[in-house]
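Subject: Structure handover

Hello,

Here is the structure I promised you. Please open it and keep it beside this email while you read.

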Amino acid sequence: MTPYYQDDACTIYHGDALDVLPTIPSGSIHAVITDPPYIIGAVSSGAMASKSGGWADMMNSAMWFTAWYREVSRMLRNDGVFWTFLNWRTMPVIMRSAIDAQLPITSMAVWDKLWIGPGGVQGLRPSYEMVALMAQPGFFVPDRGVPDVIPWKVGSYKPNDHPAEKPEGLVARLVEISSLADGATIVDPFLGSGTTARVAKDRGFRFIGIEAEERWCEVAALRLAQEVLAL
């Protein structure tokens, strides 16, 4: 497959994750850090007003998640780590998919946004999301003082205009917790505007990103083409 963008350390593919992930060699990746779709609006049965649909919709979504989770498990090294963002609506899907893919969830981190978002009158206003940590047998967190609540302030501003954009500092914190070796390779199967790519490049890691929408491939490529930050 021809890359959309490539430099000495980073590669972006414009395509479907389930098409590109199988081309990555088994046992070659140190970390996967990604923010996949939260299946909001995936409704075909049950209460049509529900954002995540009925139970059947969730289990249908779980089959898709399981498929790429299995690819993640295959390509991770024995000491590899997988971080994936989610919210409370997708929790049942993530749990089912992790079990089916035999990728144990070893921690569920809460990202405290230090900011309160909009919410409907029948619920509480959201101020957090979650990040599931799935570890291969040889992975460990060296700093035993790291808690499972990660405060990182964010507001409504999205610097690259992606609707689900995550802060570079937050992704950098996940990389820091992972304590990756020099020259490690990070993969993001749902690249979006390229935050994980930028974080990886600024810290001297190799990177492979996959994105289905070409407009976000372009944004990510432009971010990677910028000078490396001196950290």
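Start with a strand pair: β8 (residues 185–188) and β9 run parallel and are joined by four bridges. Helices (H or I, at least four residues) and strands (E, at least two) are DSSP runs, numbered from the N terminus. Two strands count as paired if DSSP finds at least two bridges between them. In this pair, Asp188 stands opposite Gly209 in β9.

A note on the source: this is a predicted model, where local features need pLDDT of at least 70 and side-chain atom pairs count only at pLDDT 80 or more, while totals for chains, interfaces and linings use all residues. Residues are numbered from 1 along each chain as its sequence is written, and side-chain values use heavy atoms, with hydrogens and water left out.

The sheet

Strands of a sheet pair through backbone hydrogen bonds, either parallel or antiparallel. Here, nine strands form an open sheet with mixed pairing. Their order is β1-β2-β9-β8-β3-β4-β6-β5-β7. β1 and β7 (149–151) stand at the edges with a single partner strand each, so one side of each has no neighbour in the sheet.

Now look at β2. Its link to β9 is parallel and has five bridges. Tyr13 stands opposite Ile210 in β9. Its link to β1 is antiparallel and has two bridges. There, Tyr5 stands opposite Ile12 in β2. A hairpin of three residues joins β1 to β2. Four of the five residues of β2 are buried. Buried means under 20% relative accessible area, exposed means over 50%, and partly exposed lies in between (1.4 Å probe, protein chains only).

Helix α6

Which residues of α6 are buried? In this helix (residues 214–224), they are Trp216, Cys217, Ala220, Ala221, Arg223 and Leu224. They lie on the same side of α6, because they cover an arc of only 160° around the axis. That arc is taken from the directions from the helix axis to the C-beta atoms. Arg215 and Leu222 are exposed, on the face turned away from the buried side.

The buried residues of α6 pack against β1 (5–6), β2 (10–14), α4 (168–178), α5 (195–202) and β9 (206–211). Contact here means heavy atoms within 4.5 Å.

Loops

Glu213 sits in the loop between β9 and α6. Glu213 is partly exposed, with a relative accessible area of 38%. The C-alpha atoms of Glu213 and His14 are separated by 7.0 Å, though these residues are 199 residues apart along the chain.

Two other loop residues have a positive phi without being glycine. Gln102 has phi near 55°. Gln102 lies between α3 (91–100) and β5 (105–112) and is exposed, at 69% relative accessible area. Ser179 has phi near 50°. Ser179 lies between α4 and β8 and is partly exposed, at 45%.

A pocket

The second largest pocket holds about 210 Å³ of space. On a 1 Å grid over the protein atoms alone, a pocket is an open set of points with protein on both sides within 12 Å along at least five of seven lines, and lining residues have an atom within 4 Å of a point. Points are joined across faces, edges and corners, and the volume is the space filled by probe spheres set on them. The lining includes Trp83, Asp143, Arg144 and Ile177. By class, eight lining residues are nonpolar, one is polar and three are charged. Nonpolar covers Ala, Val, Leu, Ile, Met, Phe, Trp, Tyr, Cys and Pro; charged covers Asp, Glu, Lys and Arg; the others, Gly among them, are polar.

Best wishes

Technical notes: On a 1 Å grid over the protein atoms alone, a cavity is a set of points where a 1.4 Å probe fits but cannot get out, and a pocket is an open set with protein on both sides within 12 Å along at least five of seven lines; lining residues have an atom within 4 Å of a point.
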